[in-house]
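Let's take a walk through this model, one feature at a time. Keep the viewer open as you read.

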Amino acid sequence: MTIGFFLANPAAKASSVVMIIRYNGERYKHAIGVSVETARWNKKSQRAKISQDYRQAAVINNAIQLNQSAAERLIYNKNAPEIKDAKHFWALINCEMTGVPYSTVAEGPKSFTEYFEKVYIRKFRTSKTESRLRRFRCALQLITNYETEIGRPVNFDEIGTRFYRDLEAYFLKKITRQIISGL
């Protein structure tokens with residue numbers, strides 16, 4: 001098993017970082033969600049060069065380390081499920097990164113809010129600022145309140161123009177109620 005980190009587009013001024021894993025004769029490639037200025041990339045160490053004027057290198061290197069650790073935990077875990085394909089492999093690594101049980105890969109989130117809470121917010125809890133996480137939680141609470149109002153969860157397949165119009169109408173109604181009750 002080998003794990004490596006590379007720039008997706010080393011000729012560009014900035015590039016996303018890609019993780020490539022070779023395991024059991026297979027090659028898995030996936031962007032890890034961070035970008036680095038190519039001049040600040042150390043090809044040998046496969047990390048961003050930390051300097052006084054490029055402090056985000058520490059955040060980038062932390063993301064690289066989190067991905068590497070998650071991959072190693074998955075690969076060395078004797079209780080991990082058998083890897084079916086590349087998509088399944090990356091879903092299992094995401095479980096390792098977020099602390100979500102492997103069983104959620106098979107089940108999948110049942111609603112948008114479940115995904116947002118149990119996968120999305122957990123995934124970014126170490127790489128985003130606390131104020132950003134508060135905004136995520138605030139958005140989650142607003143959608144949860146909307147679900148209560150309509151009496152059912154919002155599913156991915158219904159998120160579209162109509163959903164946004166209905167959500168906007170809900171918020172306008174809620175704001176109008178607050179204004180009227182404050183008079």
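Where is the place of Gln46? Gln46 is in the loop between strand 4 (41-42) and strand 5 (47-48). Strands here are DSSP runs of E with at least two residues, helices are runs of H or I with at least four, and both are numbered from the N terminus. Before going on, note that this is a predicted model: local features need pLDDT of at least 70, side-chain atom pairs count only at pLDDT 80 or more, and totals for chains, interfaces and linings use all residues. Residues are numbered from 1 along each chain as its sequence is written, and side-chain values use heavy atoms, with hydrogens and water left out.

Most residues other than glycine have a negative phi. Gln46 is not a glycine, yet its phi is positive, about 60°. Gln46 also counts as buried, at 19% relative accessibility (buried is under 20% relative accessible area, exposed over 50%, partly exposed in between, with a 1.4 Å probe and protein chains only). Asn24 is another non-glycine residue with a positive phi, near 50°. Asn24 sits in the loop between strand 2 and strand 3, and with a relative accessible area of 65% it is exposed.

For the method: on a 1 Å grid over the protein atoms alone, a pocket is an open set of points where a 1.4 Å probe fits, with protein on both sides within 12 Å along at least five of seven lines, and lining residues have an atom within 4 Å of a point. Of the 14 lining residues, Tyr23, Asn24, Pro81, Glu82 and Ile83 are the closest to the centre. Strand 3 (26-37) and helix 1 (56-76) are the elements that give two or more residues to this lining.

In soluble globular proteins, nonpolar side chains tend to be buried together. This core has 29 residues, and Phe5, Val17, Ile21, Val36, Phe89 and Ile93 touch the most other members.

Now for the rings. The structure holds eight aromatic pairs, where rings of Phe, Tyr and Trp (its six-membered ring) pair if their centres lie within 6.5 Å, with planes under 30 degrees apart called stacked, over 60 edge-to-face and the rest tilted. Phe112 and Phe116 make a stacked pair, 5.7 Å centre to centre with 20° between the planes. Both lie in helix 4 (residues 112-124), four residues apart, about one turn of the helix. Phe112 is partly exposed at 21% relative accessibility, whereas Phe116 is buried at 13%. Phe163 and Tyr164 have ring centres 5.3 Å apart and planes at 65°, so that pair is edge-to-face. Phe163 is buried, at 7% relative accessibility. Ring pairs link Phe163 and Tyr164 with Tyr146, Tyr170 and Phe171 into a cluster.

Last, the cysteines. The structure holds zero disulfides (pairs of cysteine sulfur atoms within 2.5 Å). Cys95 is buried at 5% relative accessibility, while Cys138 is partly exposed at 45%.

Technical notes
Core = buried A, V, L, I, M, F, W, Y, C linked by side-chain atoms within 4.5 Å.
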